[in-house]
Amino acid sequence: MTAGTQDVTELLLSRIRDVPDYPKPGVLFKDITPLLADPVAFTALTDALAGLCSAHGATKIVGLEARGFILAAPVAVRAGLGFIPVRKAGKLPGSTLSQAYELEYGTAEIEIHAEDLAAGDRVMVIDDVLATGGTAEASIELIRRAGAEVAGVAVLMELGFLPGRARLEPALNGAPLNALITV
């Protein structure tokens, strides 16, 4: 870790607020809204994620609903790349590709527009938090089903006490998984 990287990490961490017992007792919620409200911290985050997109040769960026949109859209602008939203099922008009995945208690489904990705695209998946990895894993499957290549996954924060990384590694098939912060 370089001094500059350490400074960015410290800045980002200093702007993430711990909220005990939210959304239920016993959970320590990591609130990123103070980071988003700070233009210096938000710019540092955007620059760091855009740098990862460049380093991994991304040609498009996928943002995962909903907080992933907040991060991925400015990263796409900064990196000069297209932005593709991955939405909950039923939220996109027109022809879509969908992918179901398992949740802790049940299933969910995500979608992208079928025409937004194609062969030759190298796609970076961006989200705020990597927890159990289900949504990210499903988005990787969608990207590949669309004929595109996964350039990697980049998140602001990885919850290291949850199995997200272990779940994603087989799906990544050698593509990188970068977390700016691990808690």
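This is a predicted model: local features need pLDDT of at least 70, side-chain atom pairs count only at pLDDT 80 or more; totals for chains, interfaces and linings use all residues.
Student: How much space lies in the largest pocket?
Tutor: About 1400 Å³. A pocket here is an open set of points on a 1 Å grid over the protein atoms alone, where a 1.4 Å probe fits, with protein on both sides within 12 Å along at least five of seven lines. Points are joined across faces, edges and corners, and the volume is the space filled by probe spheres set on them.

Student: Which residues lie nearest its centre?
Tutor: Arg67, Val129, Ala131, Thr132 and Leu159, out of 41 lining residues. Lining residues have an atom within 4 Å of a point.

Student: Which elements give two or more residues to that lining?
Tutor: β2 (28-31), β4 (82-88), β5 (96-103), β6 (106-113), β7 (122-130) and α5 (134-145). Elements are DSSP runs numbered from the N terminus, with helices being H or I of at least four residues and strands E of at least two.

Student: How does the lining divide by residue type?
Tutor: Into 22 nonpolar, six polar and 13 charged. Ala, Val, Leu, Ile, Met, Phe, Trp, Tyr, Cys and Pro count as nonpolar, Asp, Glu, Lys and Arg as charged, and the others, Gly among them, as polar.

Student: Switching to α5 and α6: at what angle do they cross?
Tutor: Roughly 10°, with the axes of α5 and α6 (residues 164-172) coming within 9 Å. Axes are lines fitted to C-alpha atoms, for helices over the stretch in contact, and angles run from 0 to 180 degrees between N-to-C directions. The two helices are therefore roughly parallel to each other, a label for angles under 35 degrees.

Student: Which residues meet there?
Tutor: Gly134, Ala136, Glu137, Ile140 and Arg144 in α5 meet Arg167, Leu168, Ala171 and Leu172 in α6. Contact means heavy atoms within 4.5 Å. These residues divide into five nonpolar, one polar and three charged.

Student: Backbone next. Which bond into Pro23 is it, cis or trans?
Tutor: The peptide bond from Tyr22 to Pro23 is cis, with omega near 5°. Pro23 sits in the loop between β1 (17-20) and β2. The bond from Glu65 to Ala66 is also cis, with omega near -5°, and Ala66 is in the loop between β3 (60-64) and α4 (67-79).

Student: And phi of Asp21, positive or negative?
Tutor: Positive, near 60°, in the loop between β1 and β2. Asn173 has phi near 50°, again positive, and lies in the loop between α6 and β9 (177-182). Most residues other than glycine have a negative phi, and most peptide bonds are trans.

Student: Is Asn173 buried or exposed?
Tutor: Exposed, with a relative accessible area of 66%. Exposed means over 50%, buried under 20% and partly exposed in between, using a 1.4 Å probe and protein chains only.

Student: What about Leu156?
Tutor: Leu156 lies in strand β8 (residues 149-158) and counts as buried at 0% relative accessibility. Leaving aside neighbours within four places in sequence, its contacts include Leu12, Ile16, Leu45, Asp128 and Ile181.

Student: Where is Asp128, then?
Tutor: In strand β7, and buried at 4% relative accessibility. Beyond four places in sequence, Asp128 is in contact with Ile32, Arg67, Gly68, Leu71, Val155, Leu156 and Met157.

Student: Last one: what does Glu111 touch?
Tutor: Not counting residues up to four places away in sequence, Glu111 touches residues including Pro85, Arg87, Lys88, Lys91, Thr96 and Leu142. Glu111 is found in strand β6 and is buried, with a relative accessible area of 10%. The C-alpha atoms of Glu111 and Pro176 are separated by 23 Å, at 65 residues apart along the chain.

Methods
Residues are numbered from 1 along each chain as its sequence is written. Side-chain values use heavy atoms; hydrogens and water are left out. Angles under 35 degrees count as roughly parallel, over 145 as roughly antiparallel, 65 to 115 as roughly perpendicular and the rest as oblique.
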